[in-house]
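Student: I am new to this structure. How do I begin to read its strands and cores?
Tutor: Let us take one feature at a time.
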Amino acid sequence: MLVIVSMITAGAIWVGLYRSRHTSSAAVTSLLPKDTLALLHMPDFNRSRAELHQTDLYQIWTEPAVQDFLQKPLTKIPPDAALGPILQECESLQMKDAFVALLTIEHSAWKIVGGFRFSGDPATAEKIVSTWKAKVFGQSPDRKQETLEYQGHPIQVETAGIVRLSTVRSAQWFFIANDPEQLKPLLDRVDGRVKDPNAVLAGDKVFTAASGRMPSSYAALAFIRPDQLLEKLMPLAENDDKELADQLAVIRQVRSLCAATSFDGGKIRDTIFVGMPRQLDAGDLARTSLSIATKSTFLYAAGFVNLSKPVPLPSSAGAFAWMGGLQKMTTALRSNGITLAEWNSAFGPEFSWVGDWPANSHWPALFATIPVKDPVKANKILGAMTAADEDSAAWNHQEKEGVKYFSTPLGGQLFSVSPTVGLSNQLLVAGLDMNSVEAAMKRSAAGHSELAGSKDFQNAERAVPPARQAFTYVDPALLYTRVDATIRPMLFMGAAFLPGIAETVDLNKLPSPEVITKHLSPIVMSQSYDEDGYIAESVGPVTVYQTILGLGGLGGAAAALYHHHSRSQISDPAGLLPTPSTPASSPSPAPDDSSE
């Protein structure tokens, strides 16, 4: 009897732990229609917030030196824009299954619904939601309110200009929509009046195939139907613009895009699935370029480039300038009888980027590599490409230890580079100067990779599934250290010319690199094709995708700050403009005197 009781107790504990660590979108997807275009789902707000506080990224945020540095910038944030109170309200609601969904697009009108489950007193929840709505509408003078009854549920509809919000509560669920008619099917399903598992998103094969590739526990999940969304937004693209239709052809093949973010032992993990046909069957990654990576490598990325058909280049006058140069190269290749098939017979489809930054260098060395299949054809193609633009400086050709080098000077007196391409029988390496490319070619010939032999790289590689289609490795600690050493003096020099920056940030409180780098581990990403789509995973203190978005946002913010203070300095440099004098007048009474 004791054994049976112990087994039942252990089973109950296991079920509790399993449920606490596993999430499901079933509660939400059983409410949404089958043809829902997009969905964002957060299963457990409080748990996700607690796990976020355990991440390496949050440890950086809580460092005293970081908080001291951010103290002045944070004071510039308007109180109404602060997220702290809203996050605390979400936590007090014990919010679960929060979601936002795009149901359809009708005549350019987006039909959007959202909602969440809460715990506790419904009156408190309604008060919090009312506060949120008040922030959305503000003090709009044309705000209108009305109540619609549906199956015993009062739907509150509020309108101000083009903004329209409809909210309704059913037991412990709160729903919101920009069209009250979209709330009625949700209420029918949550109340149990309509039960048709084949008519909801949970019964859709495209959604289940994509969401089934996501981890069992996640903080947030997003699902999109790119092909249908594109059809709604641009239904006649192929008729109006043939060039645009060709460029959108690949997107029209994407049935689904599903992504989930989860927390994994202090790290952040992204999982992305793209449901579409395989674009190129070139076998698995060989990563032959890994041999040129050193212990000072901060970036290694490898993948396949699909050159089975010509790459469409914009022909409009607004195309990027570099595409014009690429067009010249393409024309030169054709004039020399070099076709796309000739290129593919000379070079392999694998392409890689390598970023190397030694401690004694102010700037990194960047390399692009392609494997060589036929050295003779490859040499012919390079000869044609380096003679493509007659207006540019001539390319120098030389050969060292069996490796052919093509280089040309570029730039002026203050900043100059010498783009160089090295060609061996196995690998093509392109870089920004002759010395770094020559050193890379020697490492390639030796065949030993310092990076591949490092413990950090090996541990990062094991953190994701084997990469068959693409692989990326980033060492953020090394990169941050090198960037800090190069940029910190420039920041102080720039502050001398733009003293207004001191009103926003105190550069003297900029944390030392060690404060940041002690929390930074490598970032890694792998991608493979699995049955009916591409599956990618990335893990690190931040993921590869979050890094790209973050750098873009940081660059935009820095540009905006520089532009703001530059305009201030131009309008009144160092406050040298004279202040208009005011005519003398009789003294005004002091405030105390005027009040008597």
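Tutor: This is a predicted model. Begin with a strand pair: E6 (residues 163-170) runs antiparallel to E7, and five bridges join them.

Student: Which residue of E7 is the bridge partner of serine 166?
Tutor: Alanine 177.

Student: Which other strand is joined to E7?
Tutor: Strand E3 (residues 109-117), antiparallel and again through five bridges. There, glycine 115 has phenylalanine 175 in E7 as its bridge partner.

Student: Why is E7 largely enclosed by the rest of the structure?
Tutor: Because four of its five residues are buried.

Student: How do side chains sit along a strand?
Tutor: In a regular strand they alternate between the two faces of the sheet.

Student: Which residues touch the most other members of the largest nonpolar core?
Tutor: Leu32, Leu39, Phe99, Val113 and Phe175, out of 29 residues. Among the elements that give this core two or more residues are strand E2 (96-106), strand E7 (173-177) and helix H8 (183-190). A second, separate core has 25 residues, including Leu290 and Tyr405.

Student: What is valine 113 in contact with, beyond four places in sequence?
Tutor: Its contacts include Leu32, Phe99, Ile176 and Leu186.

Student: Where does Tyr405 sit among the strands?
Tutor: In E15, opposite glutamine 398. E14 (residues 396-400) and E15 (residues 403-407) run antiparallel, joined by five bridges. In their hairpin, glutamate 401 takes a positive phi near 50°.

How values were computed. Residues are numbered from 1 along each chain as its sequence is written. This is a predicted model: local features need pLDDT of at least 70, side-chain atom pairs count only at pLDDT 80 or more; totals for chains, interfaces and linings use all residues. Side-chain values use heavy atoms; hydrogens and water are left out. A nonpolar core is a set of buried Ala, Val, Leu, Ile, Met, Phe, Trp, Tyr and Cys residues joined through side-chain atoms within 4.5 Å. Buried means under 20% relative accessible area, exposed over 50%, partly exposed in between (1.4 Å probe, protein chains only). Contact means heavy atoms within 4.5 Å. Two strands pair if DSSP finds at least two bridges between them.
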